[in-house]
Number of protein chains: 2
Amino acid sequence: MDQRHDRIKLTALQERVATAEQAASWIKDGMAIGFSGFTRAGDAKAVPNALAKRGEKESLKIDVYTGASLGSGTDGRFAQAGIVQKRAPYQSDSLMRAAINSGEVQFVDHHLSQTAEWVRGGVAGPLDFAIIEALGITEEGLLIPTTSVGNSAVFALHAKELIIEINTAQPAEMEGIHDCFEPGALGKRQPIPLVSPRDRIGTKGIPIDVSKVKGIVWTHQVDSPSPIEPPDKETEVMAGHLLNFLRGEVEAGRLDQNLAPLQSGVGSVANAVLHGLLDSEFEGLELYSEVLQDAVFDLLDSGKALFASASAITLSKPYMERIYQDFGRYRDRLVLRPQEISNHPEIIRRLGLISINTALEFDLYGNVNSTHVAGTRMMNGIGGSGDFGRNAQLAIFVTKSTAKDGRISCVVPFASHIDHTEHDVDVLVTEYGFADIRNLAPRERAERIIANCVHPDYRSQLQGYFDRAIAQGGHTPHVLDEALSWHARYTRTGTMLKNST
Amino acid sequence: MDQRHDRIKLTALQERVATAEQAASWIKDGMAIGFSGFTRAGDAKAVPNALAKRGEKESLKIDVYTGASLGSGTDGRFAQAGIVQKRAPYQSDSLMRAAINSGEVQFVDHHLSQTAEWVRGGVAGPLDFAIIEALGITEEGLLIPTTSVGNSAVFALHAKELIIEINTAQPAEMEGIHDCFEPGALGKRQPIPLVSPRDRIGTKGIPIDVSKVKGIVWTHQVDSPSPIEPPDKETEVMAGHLLNFLRGEVEAGRLDQNLAPLQSGVGSVANAVLHGLLDSEFEGLELYSEVLQDAVFDLLDSGKALFASASAITLSKPYMERIYQDFGRYRDRLVLRPQEISNHPEIIRRLGLISINTALEFDLYGNVNSTHVAGTRMMNGIGGSGDFGRNAQLAIFVTKSTAKDGRISCVVPFASHIDHTEHDVDVLVTEYGFADIRNLAPRERAERIIANCVHPDYRSQLQGYFDRAIAQGGHTPHVLDEALSWHARYTRTGTMLKNST
């Protein structure tokens, strides 16, 4: 088998090839497993598929740890088969979401930079298996990741045994773009020597303990494409507001034309906002992000962006076809790192990032909900938004001002769940404008948010709430009986609008 | 004047001595001022006093930036005189609090590690004056701070002019315990080279631009003592629970007998918990904290603690008399740093701190309120609790289970204000026990919190809420109409207890 020699250069491992079904049979009830995969990219595909099939026939419960969301329908298959006891730290699948919201799956919604610490300390796990997708294994015993690094390095280091899926459908030209750095045990750490998004500080693959490799499975299956939508009129307007804010920062002397390294969250809105930079005057851009979506490659193509660092590449179908066909073009301008490093507070603070993430809703005082619909039902998870928002130079949150055809206002009296507190949020953007709430007291923030962000249909309703709240006093005025009434009304009547009840 | 030569070694400055009244007269309406002072320690005293007097007679509004809380009654005097427009990032004075809650003073409740970034970028300010307490000025032009460093270095660097108060009542033996490090502009930073609480990485004083020194004022006035209460029976019990948790971590192999560098927040409960370590088996302790309270000196005296790093020393009256009389004993075991460094996410994450802070209340799912009574009225501010909690190895929050003679439950269905989200909180402690909520889903956390933390008088009431919430479903179950009803009931009837209404 040529293929085998080509991709498994460490001879000792060439005899460990197994089928996906064999590998899946090694997983026992009650085990904790670390899977590769981050924003649908670089997830193990064949073994999870075989495992889901097993789960359809027999009683099996496992704890599933990943980088972030899995592709290939895996989370959905797992949920349908009912094999997941615990799931962490992020997911974005509708069936898994339903299982989480019914209480069947215990979901731990965790900052993406921090799960590695829990794995290291055994707070999460201990992991019985790590199942990691790879381009191949080098002679020196380095596992070369594919389209994401995620938590694969820490999973491989701490799991008792290792199953490697070598995916021949992933672009082989990716070898060399990864930079794997292990910070080591707490209390014995040196500074992380990264001072620019371009810095390489680790190894080009994940060092593995060969004796732990239980099996190697062949796969040939591309990543699931990102369901990202192209920019629309509203997201273009939002991008315009954000650019105006950034222009103000340049005028104030806090940024120059190269801005600062940019981070942009998952999803269509964040992608569209980044896309807006294409026709702007800004140039020489760099990205230090967790995921590189479509817009980043347009920025690289145009020469606007010079370099991009992240933990994963997640593209829509047309972009995937275009970019991966000619990946060599981008090799020297990209690096993929463990999510612990792409999202590390030390680096985010040092580089002074501009962080742009999507909100589900925010309130009068700048508290942001990124995760829960009506305060109770999980959407996807906090992901890296907290890692970036807390430590960035600028924590910017974007959302359309309404959802569900206007029946939900995304600007509310009191956020029904809080993922980013008033202390952490710098700028809020909707299609109506931006509110720069830095160095403002809560009442000042409320005035600016009502003036600049709320949808006109909800403006007087929100102003009315604020007026009644102020009459009761306090640093952060609220009418406690009314604070969550918009969400309760939506749950009851299907709209947050007062006069339609 | 011998005194002058002794303390102002830089000859060029010896002629700039002024009275407090002269210095206060330089402050103009609308100015932004950075004052030294952190947890009542090392605050400028004479000039603020003269300024408050001016404010009683004339119309004057200024923005007041500090390290953290001021002593010497300054915040109260300022509030009474009505001279404060904006106040940031922390305060703990009852009169200032009233002015904040009435909306008269615009208070910006900010992470203590982050205000320096806003000063550097001009988001806060630009500062017209920095008014800094000092032990003296060296020949090389270093301003030697007193009992706190706080934001003094960044204020001195960025303010247009400088007023220095040399306080001869502060222990002169403190010279040499400060370590002033300036990280420099964002985007051009190197790693902060601190890998142990003992490391010295800066200068023994704050480098000042001599041409900016407008005046030097003599003062002889000790810091306001801390109003800390000695440990009582309940806080001893809480300390016991916390120690039991830590013992479990040692058993699990995550900590050893030296634990990890400790941070302990402001206040009696946090002090008492630290005090509990005195009679424990733990030893060789180090502290990397923002403020050193009474208990730290007992730990140093007993040999249990070997070294302590912070931004300020704040002691009760008896401790102040004892410690400052013989400060030479402690000199080699202490270092005081800028609050940006004592509270820096880079260092907190690297060192793997155990962080212990006080909560006002927490909810079923582990969200913590550190600042707002009944969701609206500001108490003191978030201080450093967010800096530490977010990035520590262990984010522990402690509170008695009830307040106001049992009329308030500190464990509630929905935190009425959220300063630390469910993603950031590891362990909750009351006098009834501890809840280790790491790697748990919300429903699992709720069960543990009800079982271990809530006061028995509220247990069935909270369980009832949780049961009704679960019946409605969701990842984080809530009954939206009821979620804030405990606070609303307290506001209306004076108690959160259901059957007493």
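The UniProt annotation "domain: Acetyl-CoA hydrolase/transferase N-terminal", taken from an unreviewed entry, covers residues 14-172 of chain A; UniProt positions follow the numbering used here, feature names are shortened, and annotations may be inferred rather than shown by experiment. This is a predicted model, in which local features need pLDDT of at least 70 and side-chain atom pairs count only at pLDDT 80 or more, while totals for chains, interfaces and linings use all residues. Residues are numbered from 1 along each chain as its sequence is written, chains are lettered from A and ligands numbered from 1 in the order in which they are written, and side-chain values use heavy atoms, with hydrogens and water left out.

Over residues 14-172, chain A is 30% helix and 21% strand, with the end C-alpha atoms 19 Å apart. Helices (H or I, at least four residues) and strands (E, at least two) are DSSP runs, numbered from the N terminus.

**Local backbone features**

| Site | Feature | Value |
|---|---|---|
| A:Gly125 to A:Pro126 | cis peptide bond | omega about 0° |
| B:Gly125 to B:Pro126 | cis peptide bond | omega near 5° |
| A:Thr39 | positive phi, residue other than glycine | phi near 45° |

A:Pro126 lies in the loop between α6 (115-121) and β5 (129-134) of chain A, and B:Pro126 is found in the loop between α6 and β5 (129-134) of chain B. A:Thr39 sits in the loop between β1 (32-35) and α3 (46-57) of chain A.

**The two chains together**

Chain B can be laid on chain A with an RMSD of 0.0 Å by a turn of 180° and a shift of 0.0 Å along the axis, where copies are superposed by least squares on the C-alpha atoms of residues with pLDDT of at least 70 in both. The two copies are thus related as by a two-fold rotation axis. Among the residues of chain B, B:Glu346 comes closest to that axis, its C-alpha atom being at 2.1 Å.

The contact (heavy atoms within 4.5 Å) takes 84 residues from chain B and 83 residues from chain A. The two chains bury about 6,500 Å² between them, 51% of it on carbon and sulfur atoms; buried area is the accessible area (1.4 Å probe) that two parts lose on being put together, summed over both.

Eight salt bridges are found across the interface of chain B and chain A, a salt bridge being a side-chain nitrogen of Lys or Arg within 4 Å of a carboxyl oxygen of Asp or Glu. A:Glu444 forms a salt bridge with B:Lys86, and their closest N and O atoms are 3.5 Å apart. On the side of chain B that touches chain A, α13(B) gives the most, with five residues.

**Annotated binding-site residues**

For "binding site", the unreviewed UniProt entry lists A:Gly265, A:Val266, A:Gly267, A:Ser268, A:Val269, A:Asn380, A:Gly384 and A:Lys404. These residues span 140 residues in sequence and the farthest two C-alpha atoms are 25.6 Å apart, so they do not all gather at one spot. A:Val266 has its place in the loop between β11 (262-264) and α9 (268-275) of chain A.

**The surroundings of B:Asn380**

In chain B, B:Asn380 lies in the loop between β21 and α14. Leaving aside neighbours within four places in sequence, B:Asn380 is in contact with B:Tyr90, B:Gln91, B:Ser92, B:Arg97, B:Phe107 and B:Thr371.
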